Amino acid sequence: MMEIKKLGKYDVVVIGAGHAGCEAALACARMGKKTLILSINLEAVANMFCNPAIGGTGKGQLVREIDALGGQMGLAIDKSFIQSRMLNTSKGPAVQSLRAQADKRRYHEEMKAALEAQEGLLLKQGEVIDIDMDEDGRVRGVILRTGAYYEASAVILATGTFLGGRVFIGDCAYDSGPSGLSPSVILAENLRKKGLKMRRFKTGTPARVLASDIDLSKMSVQRGDERITPFSFMTDEPGRNRRDCYLTYTNEETHRIIRENMHRSAMFSGQIEGVGPRYCPSIEDKIHRFPERERHQVFVEPEGLSTEEMYLQGLSSSLPEDVQEEFYKSIAGLENVRLVRSAYAIEYDCIDPQELSLSLEHRAFPGLFCAGQFNGSSGYEEAACQGLMAGINASLKLDGKPPFILDRSEAYIGVLIDDLVTKGTNEPYRMMTSRAEYRLILRQDNADSRLTEKGRALGLVDDARYEKFKITQKQTAEELERLEKTTVPPSGINELLVSLGSSPVENRVSLSELLKRPEIGYDDLAPADPERPALPAHVRTKVEVAVKYAGYIDKQTAQIEKFKRLENYRIPEGLDFQAISGLRLEARQKLSDIRPLSLGQASRISGVSPADINVLLVYLEKSRRMSR
């Protein structure tokens, strides 16, 4: 029997140093908690095992929110990006999202350096095999494979795809974490024994090939933006684009090869049990689900400045290596490629997130918090924001303070956590702008206005960030007022308006009114506005959006006020839903299982009808009157 050796005592132990674990550990340490973060391999710290990029539609908003609260992801990608693009620029600001191609090795180094430099935080290599709990299920510490024991008042599980990891390439299957690293098998078994409701999800990654083997002349080039927009509100000099990306397509020959070998895919041969991400399917799944499509996009992306490896986005697969080799070479520009890393699918254990509270603490095990892909989500950004919130709430719990909860009207983070905990998920959850009901309010440009004061109150926003935030707020407010008060005569503006394809005016008009015109941007008015102050780009963007969309923003703000009335109607802790006559049996069970904090959260639970909400409202109102 292995000898257990007590090696130290910490306030919080974080299991896993991926994107969730890094944000969790940094948040805990910055909030004054002695923190230990453990990783099976230190090369796995913030590693990008799938696509080498941060951000994207809906995800860019999450990164901005993490940054506004005092997190690390935005700072790390601003220091390590090699190409930056704003997506959906032809659409409104509600759906515009920033995406940056990363030097994945540099990103790993930046995040690892942040962990190592953080006061009160120790990064250590070690495999956790069990979580020690008392007879009431309360966390006491963690046990490592070596027998080392670390006491802890709170533990954050952020295991990514390592927990029970199993890799599939054709008919070959073996226990493994991502990219050939060791899986966490013993911990998975012990969590099941403790009674956590575990599930199997699946994800995958495409092959990597060498840039020198690719004929880029047969592909369309995708360049970064001329004006770089940083992710972090703290980044003044965002750097420059260093590499291009490229676009090519599959073709009928590619599809023929895959169709003829579909039975050899681990996904279609029945080997894989786990549920995969609907919004990021393998190439064989795409061809199976969309047989009418003649081609599919393939994005060819560099993995960094110090490597020749290229990532083939859109071509993840669990087909055998010989088939992979054949179908990759059928694609224009890839005829001579050699696979330096084969594509694979990976199955892993995750939890049913409906076992968690909105604070991300497990309802049955006090002091156990969960974050990232362990909660059934996919993606680096989704993981990081959960890690941040789990770290915040673990720290608050140890201080005896109420949890920090963001609702759906305050942040994409609130949407994501509410979706997971309240609605649950039957597949790896991916954030998209369409999931947010109030996305015009939850824009990426105003994440600091929404969240930095909250981060300051938590102790995550330092003096430098807070001073910069206050300057931005002051500049924005003053410029909005100036635009409203500054008017120009027809003689001073009509020539410019006509040149911009806008109709001339007959009377004096304010700059604010002119900026409301869809064809006119803030910078377009500069020739007619010689007194304007020199403002940074992010302030100019805030001003333009606030003016152009003022009516829509007011309308959505009114909708949020209605939403808040239900959200602020609190449900007493420990309420016996089974005793409420009039509730349907399914509603009683769902409400008892999920334990919603408010009437608003209760209304979003699958299986709870509007009629059930009315019954619950009447019951609560009656109880309140009787208690007066």
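Tutor: Cys22 is buried, at a relative accessible area of 0%; here buried is under 20%, exposed over 50%, and partly exposed in between, using a 1.4 Å probe and protein chains only. This is a predicted model, where local features need pLDDT of at least 70 and side-chain atom pairs count only at pLDDT 80 or more, while totals for chains, interfaces and linings use all residues. Residues are numbered from 1 along each chain as its sequence is written, and side-chain values use heavy atoms, leaving out hydrogens and water.

On to the sulfurs: the structure has zero disulfides, a disulfide being a pair of cysteine sulfur atoms within 2.5 Å. For Cys22, the nearest cysteine sulfur belongs to Cys28 and sits 12 Å away. Cys172 isn't in a disulfide either, with the sulfur of Cys50 as its nearest, at 19 Å. Cys172 is partly exposed, though, with a relative accessible area of 36%.

Now zoom out. Buried residues make up 58% of the 628 in the chain. Of the contacts (heavy atoms within 4.5 Å) with a separation of 6 or more, 73% are between residues 24 or more positions apart. As for the overall dimensions, the C-alpha atoms fill a box of roughly 90 × 80 × 50 Å along the principal axes. There are 19 helices and 22 strands in the chain, counted as DSSP runs from the N terminus: H or I of at least four residues for helices, E of at least two for strands.
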